[in-house]
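Please keep the sequence and the three-dimensional view at hand while reading.

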Amino acid sequence: MKTSRTIALLAGAAVAALTMTGCSSGGGSGGSKSLTIEDYYQASYNPIYQRCAKEVGAKVTINHVAGAGLIAKVLQQASSRTLPDVLMLDNPDIQQIAASGALSPLSDYGLSGKGDVPAVTAAGTYKGKLYGLEPVTNSIALYYNVSMLKAAGVTPPKTWDELRTDAKKLTKGKTYGFAMSNINTYEGTWQFLPFFWSNGGDEKNIATPGAAQALQFVLDLQNDGSMSKSSINWAQADVNNQFIAGKAAMMINGPWQLPALKAAKGLQFASVPIPTRTGAAPVAPLGGEGFTVPVTKSKDTMALAGKFVGCLNKPAMQTYIAGVTGNVPTNETAADAWAKSHPDVAAFVTTTKTARARTGELGPDWPKAATKIYTAVQAALTGKASPMAALQAAQSQSQ
Amino acid sequence: MSVSVETAVGKRAPAAIAGHPGRPRARVVTSVSRWLFIAPAVLYVAVFFGYPVVKNIVMSFQDYTTRTFFTGEAPWVGVANYAATFRSSLFATTVVNTALFTVGSIVAQFVIGLGLALFFRRHFPLSGFLRGLLLLPWLLPLIASSAVWKWILDQDSGALNQFLGLFGAPPVPWLVSPNLALIAVIGVNIWLGIPFNTTILYSGLQSVPPELYEAASLDGAVGVRAFRYITWPSIRSVVSVVIVLGVVYTLKVVDIILGLTGGGPANSTQTLATNAYHQSFVNFQFGEGAAVSNVLIVVSFVFAIVYISLSRKAVDE
């Protein structure tokens, strides 16, 4: 028994030594190195990865996970030490995963978020160290049905008052003037944030008069009959379907819906930044996903993965990704050029400049605040409590 | 282990020949082999049932978060998770919703299921086919059927409201009103549970000897009286099984609720099970999630004990 174990140990050590020499020789010649990538995108992202793979001289294995299952999978991989070499994370999750120690700081690979929208870089930063870079970002804006607005003699709204009167005018028969998602998930919170933040709302304490005013405004839209009561069950994709079906004249949504909107026959649409009470620029949340380099066994592979992430974040690459996905380049100069050549995303480019990262203030504690916000929205819109009472109840909730 | 058995078995024959002195050894052999026979079952239960339950109990006393997965550290926090759970304003709501959901589902499923089982006991043309059709809700993937139900129950363009509209009824906010959402969700769960109730009760009815009814009809016991004095006493043990299993199945329902309402609107369909899911897999507070699910396990366990005692009683009878 004992001898066999020793033999096994020796054999194992020999194999390990062999692989190590194999690794280092591979590093010298390059080309034969491979990287694993994990994200929740579709296959349309593969050519993007292939480009950077070519540039850094690596073979890539791409693993697309279904959106909702990504974090669960990452946790599983973290405990079994099988994390991928390059990991995509939704930006509000980056700090939480970074806090667990699973990610390596990107400064190790000489990377920084210089030139990118500062709020985007902030979302990828935890305790002063950069862990994730977002090549492209997005936010939400107000889409409108051009022909419906023309028929009603309405111009796109800039203030809440205008939005409210316009939505009323546009509500006819089976068409609601306005649609947004107020669902009891983080999506609902994300859609309410432009109203909440632009009016002085703050996630540290959500029960403030400004926040109540914002919630009252959304409630007014519903009480006017301009927004369907079903909005509390709609995800953003449902809102988009309502808009495409002509059941909503205006909607809050993001640029990732552009491919579906463009594919809809006979639909003329355009977008403007989300109206605010005073007509000032909105404070909307920043979306998009960051690329990170998890801590894995091989320093060499991690360095290569760092190079790969750096390649994805180059301005030229950002523009290429924006073209594939409909999002906005994060680099400020690239974004300006992009807005000029792509008027249909101009509203989003404008919005991202003044946008805020969801984890900017609370960091890894953001999910708790996000739960409170959608809980309050749901309570107010279902008539369970007045906006102020709903916000107070949610704020004191011990979740 | 197998080696020791072999030697024991090999030595058994001479020991038996030797007579008395071998007896204790033979007894050891039989007891060892007895244990060997139940070992696979014990191992299976320990690995697939014992371990998760114990782990869940331990987890509920720990601060088990995303961090734990990487560092392996889960600080001991005593009863803090339970305190947070019981103190949460959501806890009372979820307990009430769980009770309403379970009782509402079970009563309706059972009554309708029994009615259908009695109905299908009479053989009529296509009865076999219709009985097969009844299993349909069972055969559909839950996620698919809940997505379809979500469309049917939609306030503005759902099939149900379109149908009710034919009779001039105003659109009903099935999944939108906090007062109606739980009723709608219970309704869908009833639809889902009928096949189980019907099938089990039907097979229970099949085992009632027809001679009993013949004899009873001679004494004038037909219809309701035949049901009261023959059918019901004969299927009572099946009934208790159906109800207790139904309760345990219903308590843990997560998928239908998540598919239809996600626990909303305004937490009006949030149950203990969905709350546990939410804590663990949305908020990643695995400690608190474990605490909530342990409450659920205790409740289920009580019903499991009721089930065991009932089935034991049935055997004794």
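In which helix of chain B is the place of B:Leu43? B:Leu43 is found in helix α2 of chain B, which covers residues 23–59. The model under discussion is a predicted one.

**A nonpolar patch on chain B**

B:Leu43 has a relative accessible area of 59% and is therefore exposed. Together with B:Tyr44, B:Val45, B:Val47, B:Phe48 and B:Phe49, B:Leu43 makes a nonpolar surface patch of about 640 Å².

**The contact between the chains**

The size of an interface is often given as the accessible area lost when the parts come together. Between chain B and chain A, the buried area is about 2700 Å², and carbon and sulfur atoms give 50% of that area. On the chain B side, the residues that lose the most area to chain A are B:Phe69, B:Phe70 and B:Ala266; together they account for 25% of what that side buries. The contact involves 34 residues from chain B and 35 residues from chain A. Across this interface of chain B and chain A, zero salt bridges are found.

**The disulfide**

A disulfide is a covalent bond between the sulfur atoms of two cysteines. How many disulfides are counted over all chains? The count comes to one. This disulfide joins A:Cys52 to A:Cys311, with an S to S distance of 2.0 Å. A:Cys52 lies in helix α2 of chain A (residues 46–56) and A:Cys311 in helix α12 of chain A (residues 299–312), so the bond ties together parts that are 259 residues apart in sequence. The torsion about the S-S bond of A:Cys52 and A:Cys311 is about -85°, and the disulfide is therefore left-handed.

Are the two cysteines buried or exposed? A:Cys52 counts as buried because its relative accessibility is 0%. A:Cys311 is likewise buried, at 3% relative accessibility.

**Salt bridges**

Over all chains, the structure holds eight salt bridges.

| Salt bridge | Closest N and O atoms |
|---|---|
| A:Glu55 with A:Lys314 | 2.4 Å |
| A:Asp220 with A:Arg164 | 3.4 Å |
| A:Lys353 with A:Asp336 | 2.8 Å |

The salt bridge of A:Glu55 and A:Lys314 has its closest N and O atoms 2.4 Å apart. This pair links distant parts of the chain, 259 residues apart: A:Glu55 is in helix α2 of chain A, and A:Lys314 is in the loop between α12 and α13 (315–325) of chain A. A:Lys314 is partly exposed, at 39% relative accessibility.

A:Asp220 and A:Arg164 form a salt bridge that likewise links distant parts of the chain, with A:Asp220 in helix α9 of chain A (residues 209–223) and A:Arg164 in helix α7 of chain A (residues 160–170), 56 residues apart. A:Asp220 counts as buried at 17% relative accessibility, whereas A:Arg164 is partly exposed at 30%. A network of salt bridges links A:Arg164, A:Asp220 and A:Asp224.

A further salt bridge is that of A:Lys353 with A:Asp336. A:Lys353 lies in helix α15 of chain A (residues 346–354) and A:Asp336 in helix α14 of chain A (residues 332–341), so this pair ties together parts that are 17 residues apart in sequence. A:Lys353 is partly exposed at 49% relative accessibility, and A:Asp336 is partly exposed at 32%.

**Backbone features**

Most residues other than glycine have a negative phi, and most peptide bonds are trans. In chain B, a cis peptide bond joins B:Gly264 and B:Pro265, with omega of about -15°. B:Pro265 is in the loop between α13 (255–260) and α14 (272–281) of chain B.

Where is the place of B:Asn267? B:Asn267 is also in the loop between α13 and α14 of chain B. B:Asn267 has a positive phi, near 65°, and is a residue other than glycine. At 16% relative accessibility, B:Asn267 counts as buried.

In chain A, A:Arg81 is not a glycine, yet its phi is positive at about 55°. A:Arg81 is placed in the loop between α3 (70–79) and β3 (86–90) of chain A. With a relative accessible area of 45%, A:Arg81 is partly exposed.

Note on methods: Residues are numbered from 1 along each chain as its sequence is written. Chains are lettered from A and ligands numbered from 1 in the order in which they are written. This is a predicted model: local features need pLDDT of at least 70, side-chain atom pairs count only at pLDDT 80 or more; totals for chains, interfaces and linings use all residues. Side-chain values use heavy atoms; hydrogens and water are left out. A disulfide is a pair of cysteine sulfur atoms within 2.5 Å. Helices (H or I, at least four residues) and strands (E, at least two) are DSSP runs, numbered from the N terminus. Buried means under 20% relative accessible area, exposed over 50%, partly exposed in between (1.4 Å probe, protein chains only). Patches are made of residues with over 30% relative accessible area and no salt bridge: like charges are joined within 9 Å, nonpolar side chains (Val, Leu, Ile, Met, Phe, Trp, Tyr) within 5 Å. Accessible areas come from the Shrake-Rupley method with a 1.4 Å probe; for residues, only the protein chains shown count as cover. A salt bridge is a side-chain nitrogen of Lys or Arg within 4 Å of a carboxyl oxygen of Asp or Glu. Contact means heavy atoms within 4.5 Å. Buried area is the accessible area (1.4 Å probe) that two parts lose on being put together, summed over both.
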